[in-house]
Every structure is written in C-alpha cells, then in structure tokens.
Amino acid sequence: MSIALCPGSFDPFTLGHRFVVERAAARFDEVVVTVVVNPNKQGMFTVDERIDLISSTCADLPNVRVDRWRGLLVDYMRNEGITTMVKGLRSTVDFEYEVPMAQMNRELADVETLFLWGDPKFAHVSSSLVKEVAKLGGDVEPFLPPDVFAAVMRKVNGELSV
Ligand code: PNS
C-alpha cells in the first residue's frame, strides 16, 4: 500500500493546502495529513482546532486521515512506516526552502520527498498572510475552505480566543 505524508503547521489549512492533499490522495492509497506542533509558536488555532478543520475540509476524501506530531518528522514516519513525504510548491522560493529539509530527511531516515506543483491560483496564499489580512479586516474567503473561513472569522471577531 502506498502512503504519503503531508506535513505542515496548517494554521490554518488553506485552499492551497487542500489542492495539494487532494492531488496526493488521487495518487496514493492513503494520505496522512500531520499537524506538526511547534511548542515555541503560539498559533491562531490550537492543534485540536486545526485537526478538526482539516478533517471536515477533507471529509470527502476517504483515504485521507489527520494526525499530529511533536518532534522530528522522520521519527513519526518511522513509527508509522511511511517513507514518502509530499510537499506543495508555490514558487522557487518554496523550492529553495524545501530542498535542504528534503536532503536532511533523506540522510536521516531515507525519506523521499515528492514535490507537487500547487494551484497557481493560490500561489500568493499562505496561512500567515491570510491571518494578517483577516485580522486587518480584508476578505480572505476566496483562499479558505468554508469551515476554515468561518472559524477564522470567529477568531478575528473575538468569539474564539486567538
Ligand atoms: O507549514 P510549515 O510550517 O511550512 O511546515 C514546516 C514543517 C512543519 C513541515 C517543518 O518545519 C518540519 O518538518 N518540522 C518538523 C521538525 C523536523 O523534523 N525538523 C527537521 C526538518 S529537516
């Protein structure tokens, strides 16, 4: 069975992320979307909230499951018996950032990283930019799955603690 890991912070999960997960799901038997916990970074969403939002956004993709991890990703992959990681690329800037990690993960644990070209429609979309625009009152609906958009709006309107 072919399994791909799609790791990230996903704070929050955007339509750009969804595009990559969907295309990975069409090419692997199973895709594990893993929220990587960074204990030094306070996000807009808790890890549980991110997992819930990814799960609802990917509910129509039966071979996608969502998990979490704190620590080296290759340790998680060893535990789970996963040897392939899939990352989305929006630009050559992403490529420059990703290549050292791909090389390091290959040396650490013989993990292969496959890059999928993102949807050019979302090439300018990042979780951090979406949060900044939303907090300043801009419209981020075009960049987010509906559940995520609603959750971001609740955060910026103070209904959930940021
Ligand atoms: O969505 P992000 O923040 O760009 O995702 C980056 C992430 C979480 C995939 C990357 O920082 C990562 O792999 N972190 C896990 C810790 C780890 O294994 N570090 C060594 C990477 S070679």
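L72, M104 and L108 make a nonpolar patch of about 280 Å². Patch here means residues with over 30% relative accessible area and no salt bridge, with nonpolar side chains (Val, Leu, Ile, Met, Phe, Trp, Tyr) joined within 5 Å and like charges within 9 Å. Areas come from Shrake-Rupley with a 1.4 Å probe, and for residues only the protein chains shown count as cover.

Ground rules, quickly. This is a predicted model: local features need pLDDT of at least 70, side-chain atom pairs count only at pLDDT 80 or more, and totals for chains, interfaces and linings use all residues. Residues are numbered from 1 along each chain as its sequence is written, and side-chain values use heavy atoms, with hydrogens and water left out.

Back to L72. It sits in the loop between β3 (64–69) and α3 (73–80). Helices (H or I, at least four residues) and strands (E, at least two) are DSSP runs, numbered from the N terminus. L72 is partly exposed, because its relative accessibility is 45%. The cut-offs: buried is under 20% relative accessible area, exposed is over 50%, partly exposed is in between, with a 1.4 Å probe and protein chains only.

Now the ligand. What surrounds it? G8, S9, V36, G71, L72, L73, K87, M101, M104 and N105 do, each with a heavy atom within 4 Å. The protein covers 71% of the 550 Å² of accessible area that the ligand has on its own. Helix α4 (residues 92–109) gives the most to the shell, three residues. By class, the shell has five nonpolar residues, four polar and one charged. Nonpolar means Ala, Val, Leu, Ile, Met, Phe, Trp, Tyr, Cys and Pro; charged means Asp, Glu, Lys and Arg; the others, Gly among them, are polar.

A polar side-chain atom of S9 lies 2.6 Å from one. For L73, a backbone N or O atom lies 2.9 Å from an oxygen of the ligand.

The rule: a side-chain nitrogen of Lys or Arg within 4 Å of a carboxyl oxygen of Asp or Glu. The count is 13. K87 pairs with E98 at 2.7 Å, N to O. K87 lies in strand β4 (residues 84–89) and E98 in helix α4, so the bridge ties together parts that are 11 residues apart in sequence. Both K87 and E98 are buried.

Next, R65 with E80: 3.1 Å between the closest N and O atoms. That pair joins strand β3 to helix α3, so it ties together parts 15 residues apart in sequence. R65 is partly exposed at 32%, and E80 is partly exposed at 32%. D75 and R78 bridge at 3.0 Å, three residues apart within helix α3, about one turn. There is also a network: D11, R50 and K131.

Last, the backbone. Most residues other than glycine have a negative phi, and most peptide bonds are trans. Where are the exceptions here? D11 and P12 are joined by a cis peptide bond, omega about 5°. P12 is in the loop between β1 (3–8) and α1 (15–25). F10 is in the loop between β1 and α1, with a positive phi of about 50°. F10 is buried, because its relative accessibility is 6%. D110 has a positive phi of about 55°, in the loop between α4 and β5 (112–117). D110 is exposed, at 57%.

Notes. Polar contact = N/O pair within 3.5 Å; in protein donor to acceptor, adjacent residues only side chain to side chain.
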